[in-house]
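Have the structure open as you read.

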Amino acid sequence: MPEAPAAVAPITQDVLTIPRKLPEGGLRNLVGLTRDQLRDALIAAGTPEKQAKMRVGQIWQWIYHWGVRDFAAMTNLAKDYRALLAEHFEISVPEVVTRQVSADGTRKYLLRIAGGHEVEAVYIPEETRGTLCISSQVGCTLNCSFCHTGTQKLVRNLTAAEIVGQVMVARDDLGEWPVPGAPKDETRLVSNVVLMGMGEPLYNFDNVRDAMKVVMDGEGISLSRRRITLSTSGIVPEIARTAEEIGCLLAISFHATTDEVRDRLVPVNKKWNIATLLDALRDYPRLSNSERITFEYVMLKGVNDSDADAKRLVKLIAGIPAKINLIPFNEWPGAPYERSDWERIEAFADIVYKAGYASPIRTPRGEDIMAACGQLKSATERARKSRAEIASEAGL
Ligand code: SAH
Ligand code: SF4
């Protein structure tokens with residue numbers, strides 16, 4: 001391995017945090033509200049308190065079970081009440097700007113949200129499941145040197161509505177809402193959700209939590225908590241809350257076995273280093289073999305892919321029920337790294353496997369449409385970093 005240059009990348013980049021513009025029409029969006037928030041909103045709009053619980057249940061079902069966007073279609077509500085709802089509220093999801101379909105069936109959606117900003121979501125069909133990869137922020141304030149999203153300067157947190165909205169848009173596109181009167185279809189096109197798109201979900205915790213509560217609610221989209229995986233670069237103070245308040249599965253972007261290398265790859269490591277992160281994971285509530293933590297490990301040629309790395313990795317995580325997901329690096333224009341050779345990835349996987357850990361190699365999906373892990377970045381966002389900036393931040 002070449003001599004590692006001193007880590008120069010800042011933990012967070014020079015970002016422009018943009019305020020969220022509120023809709024001008026004054027209609028409040030019902031999407032993404034928790035049941036309690038929905039109840040309060042209905043009462044404020046004139047729903048008698050005594051009826052509120054029932055109305056929440058009815059409206060919830062229309063929005064999240066049937067996928068209805070128009071109050072007029074909510075036929076079990078009185079006409080006057082439907083009119084009242086339409087006066088105060090809307091049911092709105094992000095607008096699909098473009099939809100690209102890869103040769104392998106992966107679909108990438110470019111979505112426009114309030115303020116004209118854009119995020120991406122990716123649907124990955126597999127034989128036994130369909131995974132929707134959603135974003136939690138426009139861009140990302142962290143600066144991982146191998147990640148395309150990290151080079152985007154504009155950053156804003158997504159609202160819960162915009163996070164749930166990504167799931168709803170995918171269901172729209174896949175035609176997955178049930179048809180009234182048709183026999184119940186148990187096949188799930190969106191069977192899993194991963195928070196692995198743009199952004200650091202634990203830097204937008206409350207909105208991510210509220211959105212996942214909506215997605216998991218049994219009277220709506222009804223995804224089990226075990227079918228949701230949140231991926232984090234290692235925001236230690238928020239990790240325990242993920243188990244306590246969301247209860248979903250956890251993936252950690254680990255990527256290196258020494259602090260010196262991880263500082264360069266995942267600069268937030270300078271704040272919470274490997275030992276601190278592993279301590280938090282050892283304490284992660286509910287840890288068991290059926291709910292293992294996934295360690296994501298991007299394979300970068302000559303940087304983190306040696307046999308010694310593989311051996312250090314298994315030593316570090318000893319005692320944590322884990323699986324190790326090896327991600328062949330996905331290139332993007334100006335990227336300062338190369339993908340490890342296939343034989344290297346297999347040799348690495350073998351060492352990890354022999355140490356007793358599942359070590360699947362993630363097949364890159366949708367590369368032809370720049371939909372693979374770490375390639376997301378709304379190409380139309382104007383503020384971009386130059387190649388030179390990216391290289392200098394990576395310490396190259
Ligand atoms: N911010 C969160 C979630 C989004 S990234 C996180 O970092 O965990 C989802 C996964 O893709 C992370 O493991 C991330 O490190 C990885 N990734 C980023 N850029 C990549 C690239 N160019 N090739 C392969 N994986 C990449
Ligand atoms: Fe942000 Fe995750 Fe990309 Fe790092 S890998 S810059 S945390 S999106």
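**Around ligand 1**

Ligand 1 has 20 residues around it, and the closest are Gly199, Ser231, Ser253, His255 and Asn330; a residue counts if one of its heavy atoms lies within 4 Å. Keep in mind that this is a predicted model, where local features need pLDDT of at least 70, side-chain atom pairs count only at pLDDT 80 or more, and totals for chains, interfaces and linings use all residues. Residues are numbered from 1 along each chain, ligands from 1 in the order written, and side-chain values use heavy atoms, with hydrogens and water left out.

**Polar atoms at ligand 1**

- His255 puts a polar side-chain atom 2.6 Å from an oxygen atom of ligand 1.
- For Glu296, a polar side-chain atom sits 3.2 Å from an oxygen atom of ligand 1.
- Phe146 brings a backbone N or O atom to 3.0 Å from a nitrogen atom of ligand 1.

**Around ligand 2**

- Cys140, Leu142, Cys144, Cys147, Gly150, Gly199 and Ser233 are the residues around ligand 2.

**Helix α8**

- In α8 (residues 274-282), the buried residues are Ile274, Leu277, Leu278, Ala280 and Leu281; buried means under 20% relative accessible area (1.4 Å probe, protein chains only).
- Looking down the axis of α8, these buried residues fall within an arc of 155°, so they line one face of the helix; the arc is that of the directions from the helix axis to the C-beta atoms.
- The cover over the buried residues of α8 includes α6 (236-246), β12 (249-253), α7 (259-265), β13 and α9 (307-316), with contact meaning heavy atoms within 4.5 Å.
- Helices (H or I, at least four residues) and strands (E, at least two) are DSSP runs, numbered from the N terminus.

Notes:
A polar contact is a pair of N or O atoms within 3.5 Å; within protein, one must be able to donate a hydrogen and the other to accept it, and residues adjacent in sequence count only if both atoms are side-chain atoms. Buried means under 20% relative accessible area, exposed over 50%, partly exposed in between (1.4 Å probe, protein chains only).
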